[in-house]
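The sequence and the structure follow.

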Amino acid sequence: MGKVTAIAERTIEAPADKVRALVADYAETRPKLLTEHYRDYEVIEGGVGAGTKARWKLQATSKRVRDVAATVTEPSEGTLVETDANSSMVTTWTVREVPEGSLVRIETTWDGAGGIGGFFEKTFAPGGLKRIYEGVLGKLAEIV
């Protein structure tokens with residue numbers, strides 16, 4: 001069993017402060033960013049940045065649904081970390097200023113399965129999750 005990592009990034013033509021505020025808004029903005037792969041999204045506590053607790057179902061494939069119960073922390077400005085209470089999954093959103101505006105990066109890591117299943121998970125899951133995140137980042141770019 002090894003770590004599995006999926007990463008997606010996009011440059012958005014908007015100031016980093018504005019993009020950070022949108023990314024941190026789990027109550028109003030986040031539901032608008034979610035693609036058809038997400039369902040039953042709800043904020044349980046908080047709603048903006050650190051201290052937020054939210055849950056949703058992530059339908060990564062036709063057979064794979066992950067029930068996520070995330071708690072949000074903000075270890076530094078421009079970085080939000082969503083830690084799933086139901087698994088080893090940790091998703092880090094980073095927004096940093098670049099000359100073109102803001103670079104938004106979503107990185108998710110989790111402990112993969114062992115054996116042949118783990119091999120296929122490590123081979124195919126990152127690409128599938130990256131495509132889902134590219135859809136989320138595309139919606140973020142439209143909202144900005």
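Two aromatic rings of Phe, Tyr or Trp, the six-membered ring being taken for Trp, count as a pair if their centres lie within 6.5 Å. In this predicted model, a search of the whole structure finds one aromatic pair.

**Charges over rings**

Tryptophan rings also meet arginine side chains. Arg30 is placed over the face of Trp93, at 4.2 Å from the ring centre. Arg66 is placed over the face of Trp110, at 5.8 Å from the ring centre.

**Salt bridges**

Nine salt bridges are found when the whole structure is searched. Three of them are set out below, each with the separation of its nitrogen and oxygen atoms.

| Salt bridge | N to O distance |
|---|---|
| Glu9 and Arg105 | 3.1 Å |
| Glu77 and Arg20 | 3.8 Å |
| Arg30 and Glu82 | 2.7 Å |

The bridge between Glu9 and Arg105 ties together distant parts of the chain, with Glu9 in strand β1 and Arg105 in strand β7 (residues 101–111), 96 residues apart. Glu9 counts as partly exposed because its relative accessible area is 44%, a value between the limits of 20% and 50%. Arg105 is likewise partly exposed, at 26% relative accessibility.

The side chains of Glu77 and Arg20 also form a salt bridge, and this pair again links distant parts of the chain: Glu77 lies in the loop between β4 (65–76) and β5 (79–84), whereas Arg20 belongs to helix α1 (residues 16–24), 57 residues apart. Glu77 has a relative accessibility of 62% and therefore counts as exposed.

Arg30, which lies over Trp93, also forms a salt bridge with Glu82. This pair connects helix α2 (residues 29–33), which holds Arg30, to strand β5, which holds Glu82, across 52 residues. Both Arg30 and Glu82 are buried. Elsewhere, salt bridges with shared partners join Glu9, Arg105 and Glu107 into one network.

**The surroundings of Ile7**

Ile7 is part of strand β1 (residues 3–12). With a relative accessible area of 31%, Ile7 is partly exposed. Beyond residues up to four places away in sequence, Ile7 touches Arg105, Ile106, Glu107 and Lys130. Two of these contacts, Arg105 and Glu107, are members of the salt-bridge network with Glu9. The C-alpha atom of Ile7 is 8.0 Å from that of Leu129, although 122 residues separate the two along the chain.

In soluble globular proteins, nonpolar side chains tend to be buried together. The largest nonpolar core here has 34 residues, of which Val19, Tyr38, Trp56, Val104 and Leu140 touch the most other members. At least two core residues come from each of β1, α1, β2 (38–45), β3 (53–59), β4, β6 (90–98), β7 and α3 (115–143). Helix α3 contributes the most, with six residues.

**Strand pairing**

Strands β5 and β6 run antiparallel and are joined by five bridges. Thr79 has Thr94 of β6 as its bridge partner.

Val98 stands opposite Gly101 in β7, and the hairpin formed by β6 and β7 has two residues between the strands.

Technical notes. Residues numbered from 1 in each chain as written. Predicted model: local features only at pLDDT ≥ 70, side-chain atom pairs only at ≥ 80, totals over all residues. Heavy atoms only, no water. Phe/Tyr/Trp six-rings, centres within 6.5 Å; stacked < 30°, edge-to-face > 60°. Lys NZ or Arg CZ within 6 Å of the ring centre and 35° of its normal. Helix = DSSP H or I, 4+ residues; strand = E, 2+ residues; numbered from the N terminus. Buried < 20%, exposed > 50% of the residue type's maximum accessible area, 1.4 Å probe, protein only. Contact = heavy atoms within 4.5 Å. Salt bridge = Lys/Arg side-chain N within 4 Å of Asp/Glu carboxyl O. Core = buried A, V, L, I, M, F, W, Y, C linked by side-chain atoms within 4.5 Å. Pairing = 2+ DSSP bridges.
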